[in-house]
Amino acid sequence: FQIMNELNEAGRLQYFKDTANELDFSSKVLDMIKELIRYNVSADMLKEVDYSHQSTQDKMHDVILIYEAFQKRTEALNIENFNMNQQLIEILQSGQVLNTIQDATIYIDGFHNFTESEIQLIVELSKHVKKVTILLLHLDVSQQPELFRKTNFVIERIRELTGNIKVTVIAEETHRAKTAGLVQLEARLLEDKPLTNYEGLSFIHAQNVNQEMTEVARQIEHLT
């Protein structure tokens, strides 16, 4: 909201100049910027697109201005990045020796769709850890492939980027947890029932995501 007002007062907005002072509208613009960040779409990439209509050109001119100003402001104030995946990718690509994860087996479960930045992180992780296992819901539905379109896309995209992916279909019931607390948590998660067994569970209090991740990493390193 403040960024849009500042740009508008400086006479730099074209398409959004009449709505820049509306709080609800600025929230929608922020949501759009978050999506651009999540999918690794930079302001420079938006500049390279050829917009045929003048109204679209004016709109994207404002979006790019707001996007760039937003990034500068968050960097200056050291505000948590909406796309931490890119930060993790850069750390992995920096060549630093990460002893904590070199022999790690990473399990990614509970998702059926990934953004491009998430897929890029998975691929980069696979270069630095012992093994990455992704659990995806899927059935052999050759007659109706659209039912698992997103799952198929994830599999094919990771295969495209790595060239080395093994797909194993597990048909029988599996038990992912070996401790009673985790088994109960999974069984009651959607039933709105209180837990009575906390074996294998731990709770972390953190002021932000960075502190939470740091504490989780510290505990993992302690266990290994």
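Student: How many residues apart are Glu215 and Arg218 in helix H9?

Tutor: They sit three residues apart in H9, which runs over residues 209-223, so about one helical turn separates them. Keep in mind that this is a predicted model. The general idea goes like this: side chains of opposite charge can pair when their charged atoms come close. Here Glu215 and Arg218 do form a salt bridge, with the closest N and O atoms 2.5 Å apart.

Student: Which residue forms a salt bridge with Arg159?

Tutor: That's Glu156, with 2.7 Å between the closest N and O atoms. As for accessibility, Arg159 comes out partly exposed at 31%, and Glu156 partly exposed at 45%.

Student: What about Glu124, where does its partner stand?

Tutor: Glu124 bridges to Lys127, the closest N and O atoms being 3.5 Å apart. Look at the burial of each end: Glu124 is buried, with a relative accessible area of 8%, whereas Lys127 is exposed at 57%.

Student: Which residues are linked in a network of salt bridges?

Tutor: Asp44, Lys47 and Glu68 are linked that way.

Student: And how many salt bridges turn up in the whole structure?

Tutor: Searching the whole structure gives seven.

Key:
Residues are numbered from 1 along each chain as its sequence is written. This is a predicted model: local features need pLDDT of at least 70, side-chain atom pairs count only at pLDDT 80 or more; totals for chains, interfaces and linings use all residues. Side-chain values use heavy atoms; hydrogens and water are left out. A salt bridge is a side-chain nitrogen of Lys or Arg within 4 Å of a carboxyl oxygen of Asp or Glu. Buried means under 20% relative accessible area, exposed over 50%, partly exposed in between (1.4 Å probe, protein chains only). Helices (H or I, at least four residues) and strands (E, at least two) are DSSP runs, numbered from the N terminus.
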